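Subject: Structure handover and notes

Dear colleague,

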Amino acid sequence: MNPTEPEHHQPQHRLTPAPRPMSGRLYGVTRRAAGSVDRWLRRVSASPLDPAEDAPQPVEPPVSADLLDLLRHLGVALISSGETTNQVQRILDDMARRYDVDEVHFFVLPTGIFVRVHDSRGTAVDLLEANGESLRLDQIAALYKLIDEIKRTVPPPAHATLELAKILASPPPTPVWLMLLGNVVLTTGLGLMLNPTANALPGYIVIGLVVQLLIMLADRMPLLSLGLPVVAGASVTLLAFGFPHAIGGGNPQQLLVPGVSSLLPGATLTNGSIELATGSMVAGASRTIYGLNKLILLAFGVLIGLQLLGPNPSLTPETMHQLGWWAPFLGVLLIGIGHSWRASAPPKSLPWLLVVLYAAFLAQKFGVQIGGGLLGSFLGGMVAVPAAYLVQRNRNAPPTQVAFLPAFWMLVPGGIGLTGVSQLVAESDANGLHVLVTTTLTVLAIAMGVLVGSGLATRRPPQISPMVEQFLGPDSGKHSADRREP
């Protein structure tokens, strides 16, 4: 090449890329082939030859997740309101029917609820655990008001669940000082019913105040809540036997039962007996064992208090100033007032609570007069339920459960059971066994009375014509009608 030639005659050299390695070319070919196969598969799946081989389209479940959530939380709230498991299951079945759902089945326990959904595709089970806390009376009233609204309007489940959450999260409407005063009044009222003496009135006031302070502290201290029955039993014993003449009139034993009345498991034992009688063996047995365990813990606390005091000095009881016949009736009034303050009863519900309390009290008193304590307990439980149902029919009246719960404070003699367990542990006295057996029979009598009362209140009275036809034949009604014709 001649370097003197013009520059534009020089040949132009192009940069050619280096040849790709064999592995890279194979990768590209494979990727293009895979893309072609993928596009062909998409075209085939988009227009299949056999429509019967189509993948099943997703369908909605038979029960929506919102409805399941509502039913689960509603069941747990009913458990916390003090209802028996059988009644909770009936209410939930009714709620499911209101939403036109038949594929839901419930298994209710005192500690939670299982929900089972079954259809042609299979079975699914869900559960929700109960926290063990009891609802206040105002929350129970709002809960049953929500249930009635669901029955009438059938709102969207998510909306009903939100309203239920607001009810459960609502703060107590009663101030702290009124709750303290409420337990004092409740303790005094129960004391006037069990032991209407003027000597014990100072002790009822002091011990009622101390026990309510312990209950409030236990709400904020988990460790204390675990041993609350033991601590309360020991505290009441130390106050009653440590200052027998100052606050007990020389008879400290009469302060024990009213002092721990707010911790006695009367409602638990009664509901357990009802569930055992109606065939709910798991729920009934668990409630009964829980109630007996709490009763034993209270008795254990009493024994600890006696051990801390040392050998008991011989007490010389002062002259007992028995109050008149009116004292038990005043005690019922104080129980209603104290329970409404302590448990935050709904506004304007106190008169209706007193109607049920006095009806149960009079029935119990009548039964004791004609047949003894067991008959009185049976009649008290039998009358309390219809009275609560009759009260519910009035305007501004609380629900049946709200009106019925305070009656447990009178009907269940849990204090006799506490005394019996204490005697069994401390002295191995046969009389303690007798008292414990009597308490068990009394709880069973109340449970049977509640069952009979529920049947009388919720079912129609028997018709006379079917009974006549059963004994006289199906044509008896027709012949009697023919004889009445002119």
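Below are notes on its salt bridges, a surface patch and a pocket.

Please keep in mind that this is a predicted model, in which local features need pLDDT of at least 70 and side-chain atom pairs count only at pLDDT 80 or more, while totals for chains, interfaces and linings use all residues. Residues are numbered from 1 along each chain as its sequence is written, and side-chain values use heavy atoms, with hydrogens and water left out.

Salt bridges

Taking a salt bridge as a side-chain nitrogen of Lys or Arg within 4 Å of a carboxyl oxygen of Asp or Glu, the count comes to 7. Arg136 pairs in this way with Asp138, their closest N and O atoms being 2.9 Å apart, and both residues are buried (under 20% relative accessible area, with exposed meaning over 50% and partly exposed in between, for a 1.4 Å probe and protein chains only). Arg287 forms a salt bridge with Glu275, where the closest N and O atoms are 2.9 Å apart. Because Arg287 lies in helix α13 and Glu275 in helix α12, this pair ties together parts that are 12 residues apart in sequence; helices here are DSSP runs of H or I with at least four residues, strands are runs of E with at least two, and both are numbered from the N terminus. Both Arg287 and Glu275 are buried. Lys166 and Glu163, by contrast, both lie in helix α5 (residues 157-168), 3 residues apart, and the closest N and O atoms of their salt bridge are 3.9 Å apart. Glu163 is partly exposed, at 27% relative accessibility. Asp69, Arg72 and Asp126 are linked in a network of salt bridges.

Surface patch

Phe107, Phe114, Val125 and Leu127 form a nonpolar patch with about 380 Å² of accessible area together; such a patch joins nonpolar side chains (Val, Leu, Ile, Met, Phe, Trp, Tyr) within 5 Å, from residues with over 30% relative accessible area and no salt bridge, and areas come from the Shrake-Rupley method with a 1.4 Å probe. Val125, in strand β3 (residues 122-129), is exposed, with a relative accessible area of 58%.

Of its 42 lining residues, the closest to the centre are Glu83, Gln87, Tyr144, Tyr389 and Thr400. Helix α4 gives the most to this lining, with 8 residues.

Best wishes

Key
1 Å grid on protein atoms, 1.4 Å probe; cavity = no way out; pocket = protein on both sides within 12 Å on 5 of 7 lines; lining within 4 Å. Patch = residues over 30% accessible without salt bridge, like charges linked within 9 Å, V, L, I, M, F, W, Y side chains within 5 Å.
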